[in-house]
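Work through the exercises below with the sequence and the coordinates at hand. Each task is followed by a worked solution.

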Amino acid sequence: MNMYNSINMEKPVILTGLRGNNDLHIGNYLGGLKPIVDLQKQYAGKYQVNLFMPDLHSFTTPVNHSLLQEQIMNNLRLFVAAGLDLHNSDTFLYRQSYISAHAELAWILDCFAGFGEIKRMTEFKDKAAKLGEDRISVGLFNYPVLMAADILLYGAKYVPLGEDQNQHIEITRDIALRMNEKFKAQFPEGLFQPPVTVAKQVEFARRSQGGVRIRDLQHPERKMSKSDESGKGIIFLSDSPDVAAGKIMSAATDSFGSIDYDFNTRPGISNLLQMLAYMQGEDLDSVIDRYRGKEQYGPLKTAVAGSVQSFLIDFQAKLRGVDIELMMSKLETSELAMCEQANDTLLKVQTAVGLR
Ligand code: ATP
Ligand code: MG
């Protein structure tokens with residue numbers, strides 16, 4: 001019996017993280033933050049909720065290191081402003097780099113992950129294409145393996161993330177199942193508890209169409225991404241509500257001359273329709289029905305701009321109200337507890353591979 005048994009190890013774990021490399025944007029809010037806060041509310045008492053700051057992931061792409069620490073703390077405040085209940089004793093809020101087992105397990109998993117399979121990750125290909133060869137780090141290539149460690153250390157069953165992360169969930173499962181098979185003589189019950197399949201993840205988080213994917217407003221063929229350097233097509237959670245409204249009004253659309261929902265042929269307008277639905281908590285089909293066939297794009301843009309503006313006014317007020325002392329004490333207690341859980345898994349793996 002280990003000490004951490006006192007912290008409800010028997011409850012299934014829901015885990016998610018958002019990198020602290022820049023201000024978070026509305027896509028991160030809708031695809032990452034809001035789902036975990038909703039799940040925390042919905043499943044209070046039934047699950048252990050791990051919400052962490054993947055700070056080691058923060059500089060897989062180039063960042064300004066003198067701003068990073070402030071960014072990390074700011075993004076932790078965003079989690080709280082999004083409605084995370086810090087008093088919930090099944091919820092753990094922690095910084096990845098404070099738990100050294102993440103980096104240690106990642107190294108071991110590296111040696112069980114195939115170069116060929118990691119090379120296929122589209123997130124890597126997309127980011128690499130934007131960076132140019134001399135700025136692509138080995139860390140960027142490798143980050144799905146660190147992410148696998150983040151998940152497997154806690155045996156997380158559910159990992160609610162945006163759909164850009166689906167491939168990484170699959171690879172986490174692949175590595176876990178491969179190692180379970182390899183070390184089954186020693187650990188017949190399974191070295192790792194892998195997360196459930198992407199299809200089951202989607203079902204669990206009740207995300208339709210495989211998850212939320214908010215597009216860049218200027219380049220709607222690609223997703224809104226905080227590592228994008230121009231920032232014109234991104235609504236940051238720190239944008240002034242008026243600036244954000246302006247970005248919506250100048251969003252790229254199309255020249256069809258009538259509104260329809262189809263991400264292949266008209267991603268810009270489709271993105272605005274989906275944003276309106278998510279921002280207002282309205283059914284996507286009913287938003288589409290209301291606007292389909294309309295020849296003016298202006299009224300749709302105005303509606304989206306208005307909904308984003310009022311969301312930001314409300315969110316930024318909540319951000320100013322975050323209780324920093326409470327947040328810091330939650331971080332400290334969570335980091336202690338998670339170190340114990342994580343070290344226990346690490347020891348098991350070290351034993352399996354012959355290091356102990
Ligand atoms: P980066 O460009 O640095 O990778 P990112 O915007 O992709 O930044 P991440 O930190 O990689 O953000 O992801 C944090 C969370 O936000 C994840 O759950 C991810 O799936 C989700 N997410 C990221 N971008 C979007 C988006 N455009 N729409 C919906 N969810 C998103
Ligand atoms: Mg990303």
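The exercises concern a predicted model, taken from the overall fold to one residue.

**Exercise 1.** Find what share of the residues is buried and what share of the contacts joins residues 24 or more positions apart.

Solution. A residue is buried when its relative accessible area is under 20%. Of the 356 residues, 54% are buried. Among contacts with a separation of 6 or more, 77% are between residues 24 or more positions apart.

**Exercise 2.** Describe the accessible surface and the placement of charges.

Solution. The accessible surface is about 15900 Å², and carbon and sulfur atoms contribute 53% of this area. The protein carries 38 positive and 43 negative charges, whose mean positions lie 3 Å apart.

**Exercise 3.** Locate Glu189 and decide whether Glu189 is buried or exposed.

Solution. Glu189 sits in the loop that runs between α7 (166-182) and α8 (198-204). The cut-off for exposed is over 50%. Glu189 has 58% relative accessibility and therefore counts as exposed. Tyr94 is 95 residues away from Glu189 along the chain, and their C-alpha atoms are 28 Å apart.

Note on methods:
Residues are numbered from 1 along each chain as its sequence is written. Chains are lettered from A and ligands numbered from 1 in the order in which they are written. This is a predicted model: local features need pLDDT of at least 70, side-chain atom pairs count only at pLDDT 80 or more; totals for chains, interfaces and linings use all residues. Side-chain values use heavy atoms; hydrogens and water are left out. Buried means under 20% relative accessible area, exposed over 50%, partly exposed in between (1.4 Å probe, protein chains only). Contact means heavy atoms within 4.5 Å. Accessible areas come from the Shrake-Rupley method with a 1.4 Å probe; for residues, only the protein chains shown count as cover. Lys and Arg count as positive and Asp and Glu as negative; His and the chain ends are not counted. The place of a charge is taken as NZ of Lys, CZ of Arg, CG of Asp or CD of Glu. Helices (H or I, at least four residues) and strands (E, at least two) are DSSP runs, numbered from the N terminus.
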